[in-house]
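This report describes one protein structure for a reader who has not seen it before. The sequence and the model come first, and the description follows.

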Amino acid sequence: MKPIYILNGPNLNRLGKREPAIYGKATLLDIEQYCREEAGDYPIEFRQSNSEAQLIDWIHEAIDMGDGIIINPAAFTFTSIAILDALKMFDGPIIELHISNIHKREAYYHHSYVSKVATAVIAGLGPEGYRVATRSIKELLEQPANR
Ligand code: DHK
């Protein structure tokens with residue numbers, strides 16, 4: 001089993017204090033714990049960066065070293081063709097995750113570049129969405145077709 005990469009984009013390091021009415025009170029450390037609980041014995045790499053280049057480097061690392069990707073690209077969701085191009089090279093399952101329901105928010109949050117290559121998209125379940133994403137990607141990876 002190669003790790004599931006759980007990648008988090010800009011400003012998510014401020015979770016817990018950042019707009020709690022939209023993003024909830026859980027910190028990123030809490031969320032990492034949720035993912036580790038759901039992953040059980042499946043290895044995970046849980047990371048966050050405010051840098052687009054760093055996120056692309058981690059996607060490249062996952063292409064060589066990972067089984068699956070869960071990504072909350074945050075604001076880069078709506079701006080980054082570079083992240084889309086990087087994800088296009090990954091042949092495992094990709095789950096795009098948003099804590100808030102982006103489609104219920106301002107129009108500039110409505111068009112995701114990442115959805116073009118995502119196996120599935122989770123939005124609006126709050127921090128709990130990370131639990132659902134981790135459980136779901138494990139099930140996908142345990143399906144014979146993905147083994
Ligand atoms: C997080 C962000 O930082 C915003 O740019 C997105 C996303 C929504 C989230 O809901 O997790 O719009």
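## Surface and basis of the model

The protein chain exposes about 7200 Å², and carbon and sulfur atoms supply 51% of that area. Accessible areas come from the Shrake-Rupley method with a 1.4 Å probe, and for residues only the protein chains shown count as cover.

This is a predicted model, in which local features need pLDDT of at least 70 and side-chain atom pairs count only at pLDDT 80 or more, while totals for chains, interfaces and linings use all residues. Residues are numbered from 1 along each chain as its sequence is written, and side-chain values use heavy atoms, with hydrogens and water left out.

## Overall build

The protein chain has five helices and five strands. Helices (H or I, at least four residues) and strands (E, at least two) are DSSP runs, numbered from the N terminus. Read from the N terminus, the order of elements is β-α-α-β-α-β-α-β-β-α. The radius of gyration of the protein chain is 14 Å, close to the 15 Å that the globule rule gives for 147 residues, so the chain is as compact as a globular protein of that length. This radius is taken over C-alpha atoms, and the globule rule is 2.2 Å times the number of residues to the power 0.38. The C-alpha trace spans about 40 × 30 × 25 Å along its principal axes.

Of the 147 residues, 50% count as buried. Buried means under 20% relative accessible area, exposed means over 50%, and partly exposed lies in between (1.4 Å probe, protein chains only). Among contacts in the protein chain with a separation of 6 or more, 75% are between residues 24 or more positions apart. Contact means heavy atoms within 4.5 Å.

## Charges

## Nonpolar cores

A nonpolar core is a set of buried Ala, Val, Leu, Ile, Met, Phe, Trp, Tyr and Cys residues joined through side-chain atoms within 4.5 Å. The largest one has 24 residues, and those with the most contacts inside it are Ile-4, Ile-6, Ile-31, Ile-70 and Tyr-130. Two or more residues of this core come from each of strand E1 (4–8), helix H2 (28–39), strand E2 (44–48), strand E4 (94–98) and helix H5 (128–142). H2 gives the most, with five residues.

Tyr-130 is in contact with Ile-6, Asn-8, Leu-12, Ile-31, Cys-35, Asn-72, Leu-97 and Ile-99, leaving aside neighbours within four places in sequence. A second, separate core of 16 residues includes Ile-56, Ile-59, Phe-90 and Val-114.

Thr-134 is in helix H5 and counts as buried, at 0% relative accessibility. Not counting residues up to four places away in sequence, Thr-134 touches Ile-6, Cys-35, Glu-38, Ala-39 and Ile-70.

Ile-102 lies in the loop between E4 and E5. Ile-102 is buried, at 3% relative accessibility, and touches Phe-78, Tyr-109, His-110 and Ala-123, again not counting residues up to four places away in sequence. Ile-102 and Gly-124 are 22 residues apart in sequence, with their C-alpha atoms 7.3 Å apart. Gly-126 lies in the loop between strand E5 (120–123) and H5, and is buried with a relative accessible area of 15%.

The C-alpha atoms of Leu-29 and Asn-13, 16 residues apart along the chain, are separated by 8.8 Å.

## Positive phi angles

Most residues other than glycine have a negative phi. Asn-11 has a positive phi of about 75° although it is not a glycine. Asn-11 sits in the loop between E1 and helix H1 (20–23) and is partly exposed, with a relative accessible area of 38%.

Ala-74, also not a glycine, has a positive phi near 50°. Ala-74 lies in the loop between strand E3 (68–72) and helix H4 (81–88), and is buried with a relative accessible area of 12%.
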